Amino acid sequence: MVDENRLDIARYPNPEIFPVIFYKVADKKLIESIIQPKDWNEVMIKANGPNIEIKINGFSTAKFTEEGNIPTTGCVCLQTHAGAPYEVLYKDITIKQID
């Protein structure tokens, strides 16, 4: 779970180098045991106010609670990161409001 490129760059330890904070890194062995490399994987991101949880294929891989005066609204973006050329496919995307 990464926080990057917000308008208030004072929150980052080295904003002049790269405005980023890594809050949670999923356990590598857990990820290797639950990811289906040649099949579809289900990713669920639950953001309820300041509480954020990521589940992959039904397993909780990261939980985090925002602190301070942090916006709780914004955009949903899909992205990948640097590396060798590769293709990422998405399907059946659903966004639901939590009541």
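Buried means under 20% relative accessible area, exposed means over 50%, and partly exposed lies in between, computed with a 1.4 Å probe on protein chains only. Lysine 91, at 44% relative accessibility, therefore counts as partly exposed.

The model is predicted: local features need pLDDT of at least 70, side-chain atom pairs count only at pLDDT 80 or more, and totals for chains, interfaces and linings use all residues. Residues are numbered from 1 along each chain as its sequence is written, and side-chain values use heavy atoms, with hydrogens and water left out.

The predictor's confidence in each residue is given as pLDDT, on a scale from 0 to 100. For the protein chain the mean pLDDT is 86, with 100% of the residues at 70 or more. Confidence is lowest in strand E1 (residues 2–4), where the mean is 77, and highest in helix H1 (residues 28–34), where it is 95. Where pLDDT is low, the predicted coordinates should not be read in detail.

Helices (H or I, at least four residues) and strands (E, at least two) are DSSP runs, numbered from the N terminus. By that assignment the protein chain has 1 helix and 5 strands, and from the N terminus on the elements run β-β-α-β-β-β. The C-alpha trace spans about 40 × 40 × 25 Å along its principal axes. Of the 99 residues in the protein chain, 16% are buried.

Two strands pair if DSSP finds at least two bridges between them. Strand E3 (residues 43–48) and strand E4 (residues 51–56) run antiparallel and are joined by 6 bridges. Within this pair, isoleucine 45 has isoleucine 54 of E4 as its bridge partner. The two strands form a hairpin with 2 residues between them, and glycine 49 in the turn has a positive phi of about 60°. Of the 6 residues of E3, the number buried is 0, so this strand lies largely in the open. In a regular strand the side chains alternate between the two faces of the sheet.

E4 is also joined to E5 by 6 bridges, and these strands run antiparallel. Here isoleucine 56 has phenylalanine 59 of E5 as its bridge partner. The hairpin of E4 and E5 has 2 residues between the strands. Asparagine 57 lies in the loop between E4 and E5; its phi is near 50°, a positive value in a residue other than glycine.

At 66% relative accessibility, aspartate 92 counts as exposed. Aspartate 92 forms a salt bridge with lysine 91, the closest N and O atoms being 3.7 Å apart. In total the structure holds 2 salt bridges.

Val76, Leu78, Tyr86, Val88, Tyr90, Ile93 and Ile95 form a nonpolar patch on the surface, with about 750 Å² of accessible area together. Patches are made of residues with over 30% relative accessible area and no salt bridge; like charges are joined within 9 Å, and nonpolar side chains (Val, Leu, Ile, Met, Phe, Trp, Tyr) within 5 Å. Accessible areas come from the Shrake-Rupley method with a 1.4 Å probe, and for residues only the protein chains shown count as cover. Tyrosine 86, one of the patch residues, lies in the segment after strand E5 (59–65) and is partly exposed, with a relative accessible area of 46%.

The structure holds 0 disulfides, a disulfide being a pair of cysteine sulfur atoms within 2.5 Å. The sulfur of cysteine 77 is 5.5 Å from the closest cysteine sulfur, in cysteine 75, which is too far for a bond. Cysteine 75 is exposed, at 74% relative accessibility, and cysteine 77 is exposed with a relative accessible area of 61%.

Notes
Salt bridge = Lys/Arg side-chain N within 4 Å of Asp/Glu carboxyl O.
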